[in-house]
Amino acid sequence: MDKLIINGGKKLKGEVSVSGSKNAALPIFVATILAGGKFEISNVPFLRDINTTIKVLESLGATIEGNGNIVKIDTTNVNNVEATYDLVKTMRASVLVLGPLLARHGRARVSLPGGCAIGARPIDQHLKGLKALGAEIRLEHGYVEATAKQLKGARINFDVPTVGGTEHLMMTAALAKGVTLLENAAREPEIVDLANMLNLMGAKIEGAGTDNIRIEGVEKLSAIDYRVMPDRIEAGTFMIAAAITGGDIKISNMQLEHLDALVFKMQDAGVEIINKDGFVRVKGPKKLKSINIKTRPYPGFPTDMQAQFMALMCLADGASVVAENIFENRFMHVSELLRFGADIMIDGRSATVKGVKKLSGAPVMATDLRASASLILAGLAAEGTTEITRIYHLDRGYESIEKKLAALGADIVRVKE
Ligand code: EPZ
């Protein structure tokens, strides 16, 4: 098991490039099931979750070359329709193969994903939508068994704007007979990226990125090449890294318009953010102002940036309230941040952060992907040495983050534990 060792207090300087988006690449990989053929997906980040998705697709019969940057996927022989528990339990997003297998083969047997550290993460909306499209669904022994002679278009209204549910049903409806309307759909940019790929494959999808998506089913889809969008959460994490260290960095290969809610909050906190000449320049202030945030579905403040923003507020002037409205257990970074000397009080789904003059380095433990990022950010700003263990959580969603931060002047190394 690896750990990270950080000697804090260095102001980050220089330029960093953002990798491809994990949360766009995962559904894009799954969508290759819808058409038997050879795909070339580019700008794919080297991540554990990408490797897991590759294993899932190979278990279904796909042949895959590469695991990052360029990945060639041949789904001609995807004939197995079962995704097993040992694969699905390591990465919940694998459950998205259910609908595409149903659309292509008329049946599928996929393990229920189970919960994860940050919450129960049910898939009731996914299953409700598949039933509306005409699937027979049975839950047995922890598996979803689904059959459908012919999927038919339907009007589906989500109880909650679910990202995975919207992606799952948009993909599946692409091959259903007739028109499907997804109402109260999620609006995340990763959904737009997936819709762009599906339309290049021959799908007829309108409205992705709004809360009403119209999908006119087609007979067949074709294999294509596609480039994954940049990872907006990795980009946001580097923006906070500059802000929390009082640094001055340039970030390339990012789309700032995907992070409006974060940008407004960081600017309110006194961070200078300039978007020009293809770079985003981020300059941390001498003193950070305390700002309240509430996580919301896109375009609201992203839950995937909540832990990172909380780390920033630990050093702000005054008190800020962080409300987590998406997941029921996404404050596990708090107990670890307290070890740095932060002053945070949790009350249900909100936490009050009282800014402190300084953080001091400490041994801490990663608990989930974005919590790990918040511990790195605190370690970069803290005085003294920080050791972070269980960083396999980090490797799920950040490509070589310690190398990228070291190139910005951080004193950070990965060592074998
Ligand atoms: C996606 O998860 C992301 N993962 C998450 O990123 C992200 O935090 C989340 O969207 C919200 O933006 C990927 O894209 C692979 P949801 P997803 O369905 O699709 C409830 C990261 O750090 N819900 O939008 O699972 C659910 O419980 C990860 O990269 C239902 O009630 O999220 C939650 O409260 C973490 N029933 C809310 O909706 C359902 O059927 C949002 O979940 C589905 C969801």
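**Exercise 1. How many cavities of 30 Å³ or more does the count come to?** Describe the largest cavity and its lining.

*Solution.* We begin with the basis of the work: this is a predicted model, in which local features need pLDDT of at least 70 and side-chain atom pairs count only at pLDDT 80 or more, while totals for chains, interfaces and linings use all residues. Residues are numbered from 1 along each chain as its sequence is written, and side-chain values use heavy atoms, with hydrogens and water left out.

On a 1 Å grid over the protein atoms alone, a cavity is a set of points where a 1.4 Å probe fits but cannot get out, a pocket is an open set with protein on both sides within 12 Å along at least five of seven lines, and lining residues have an atom within 4 Å of a point. Grid points are joined across faces, edges and corners, and a volume is the space filled by probe spheres set on the points. By this rule there is one cavity of 30 Å³ or more, and the volume of the largest cavity is about 50 Å³.

Step 2 is the lining, which consists of Leu26, Pro27, Val30, Thr53, Val56, Met91, Ala93, Ser94, Leu96 and Val97. Helices (H or I, at least four residues) and strands (E, at least two) are DSSP runs, numbered from the N terminus. Helix 1 and helix 2 (48-59) each supply at least two lining residues, and helix 1 gives the most, with three.

Step 3 sorts this lining by class, where Ala, Val, Leu, Ile, Met, Phe, Trp, Tyr, Cys and Pro count as nonpolar, Asp, Glu, Lys and Arg as charged, and the others, Gly among them, as polar.

**Exercise 2. Describe the second largest pocket and the classes of its lining residues.**

*Solution.* The second largest pocket holds about 430 Å³ of space. It is lined by 19 residues, of which Lys11, Ile244, Thr245, Gly246 and Lys286 are the closest to its centre. Helix 8 (232-244) and helix 12 (369-381) each supply at least two residues of this lining, which by class has eight nonpolar, four polar and seven charged residues.

**Exercise 3. Which residues touch the most other members of the largest nonpolar core?**

*Solution.* A nonpolar core is a set of buried Ala, Val, Leu, Ile, Met, Phe, Trp, Tyr and Cys residues joined through side-chain atoms within 4.5 Å. Here buried means under 20% relative accessible area, exposed over 50%, and partly exposed in between (1.4 Å probe, protein chains only). In the largest core, which has 76 residues, Ile41, Met170 and Leu198 touch the most other members. Helix 1 (residues 22-31) gives the most to this core, namely seven residues. Apart from it lies another core, of 72 residues, including Ala243, Val280, Leu312 and Ala381.

We then look at one member, taking contact to mean heavy atoms within 4.5 Å. Leaving aside neighbours within four places in sequence, methionine 170 is in contact with Leu182, Ile191, Leu194, Ala195, Leu198, Ile205, Ile213 and Ile215.

**Exercise 4. Is valine 218 buried or exposed?** State where it lies and what it contacts.

*Solution.* Valine 218 sits in the loop between strand 12 (212-216) and strand 13 (225-227). Because its relative accessible area is 14%, valine 218 is buried. Neighbours within four places in sequence aside, valine 218 is in contact with Ala174, Leu175, Ala176, Gly202, Ala203 and Lys204. One of these contacts, glycine 202, comes just after helix 7 and takes a positive phi of about 115 degrees.

**Exercise 5. Why does the end-to-end distance of helix 7 agree with its number of residues?**

*Solution.* The expected span of a helix is 1.5 Å times one less than its number of residues. Helix 7 (residues 189-200) has twelve residues and so should span 16 Å, and its end C-alpha atoms are 17 Å apart, which agrees.
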